[in-house]
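Work through the exercises below with the sequence and the model open. Each task is followed by a solution in steps.

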Amino acid sequence: MKGNIVMARVASGKEVLEQAKDLLINARTIEELRQAQAVVLPLEFGLSMKQTAAAIGTSVGWACQLRMRLIRSGGIRDTTRPSRGGRRRENLSREEEVAFLAPFIEKASAGGILIVSEIKQALDARLKRKTSLAATYNLLHRHGWRKLAPDKRHPKADVLAQDEWKKNFEIPSQKLTKSGKQKDRCV
């Protein structure tokens, strides 16, 4: 034997090659297309897994996983597996959130205010565990509520009385007298 000759393994999956070719044409997602390519490229064109991974734009490990997933399923699409997207870590479904928030929103629309700490306590009790305050704010945000800035003045403040007091107050402020702007001003 002359030199170091390394022989690559023979690619498996010949039994699903025809299904993979069909999937190349009829793929509905990029993942299905890549699965088909991960099977077809090594078998039809003799590419290594490193070359196949470079051609389909994935890592070698991911190309192997895609390939093996298609081979194990017998070349049939796995329609039972959910696709990516959606709320995978949701505490409550949208409908449950609406039902949960209904009493609080009803109270707020009847002239009351929405108190986030009360909602957080109720959410913790409903889920039987502690949640973050951000989770409560996110819940409210999903349903059209937002954090409002505080009012610039007190709701019971008498604006006319405050203006009258400012006009009739005789002692000038200390800042004006110290800087000399109030005393001995030339006009």
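**Exercise 1. Confidence**

Task: find which element of the chain has the lowest mean pLDDT and which the highest.

Solution. The chain average is 82, and 78% of the residues score at least 70. Where pLDDT is low, the predicted coordinates should not be read in detail.

This is a predicted model with residues numbered from 1 along each chain as its sequence is written, and local features need pLDDT of at least 70, side-chain atom pairs 80 or more, while totals for chains, interfaces and linings use all residues. Side-chain values use heavy atoms, leaving out hydrogens and water.

**Exercise 2. Two helices**

Task: describe how α6 and helix α7 (residues 133–142) cross, and list the residues that meet.

Solution. Step one: the axes come within 10 Å and cross at roughly 105°; they are lines fitted to C-alpha atoms over the stretch in contact, with angles from 0 to 180 degrees between N-to-C directions. Step two: α6 and α7 are therefore roughly perpendicular (65 to 115 degrees; under 35 is roughly parallel, over 145 roughly antiparallel, the rest oblique). Step three: from α6, V116, I119, K120 and L123 meet L133, T136, Y137, L139 and L140 of α7. Contact means heavy atoms within 4.5 Å. Step four: these residues divide into seven nonpolar, one polar and one charged (nonpolar: Ala, Val, Leu, Ile, Met, Phe, Trp, Tyr, Cys and Pro; charged: Asp, Glu, Lys and Arg; polar: the others, Gly among them).

**Exercise 3. An aromatic pair**

Task: classify the pair F100 and F104.

Solution. Rings of Phe, Tyr and Trp (its six-membered ring) pair if their centres lie within 6.5 Å; planes under 30 degrees apart are stacked, over 60 edge-to-face, the rest tilted. The count by this rule is one aromatic pair. With centres 5.8 Å apart and planes at 55°, F100 and F104 are tilted. Both F100 and F104 are buried (under 20% relative accessible area; exposed is over 50%, partly exposed in between, with a 1.4 Å probe and protein chains only).

**Exercise 4. Q35**

Task: is Q35 buried or exposed?

Solution. Q35 belongs to helix α2 (residues 30–45). Its relative accessibility is 9%, so Q35 counts as buried. Leaving aside neighbours within four places in sequence, Q35 contacts L66, R69 and L70.

Terms used
pLDDT is the predictor's confidence in each residue, from 0 to 100. Helices (H or I, at least four residues) and strands (E, at least two) are DSSP runs, numbered from the N terminus.
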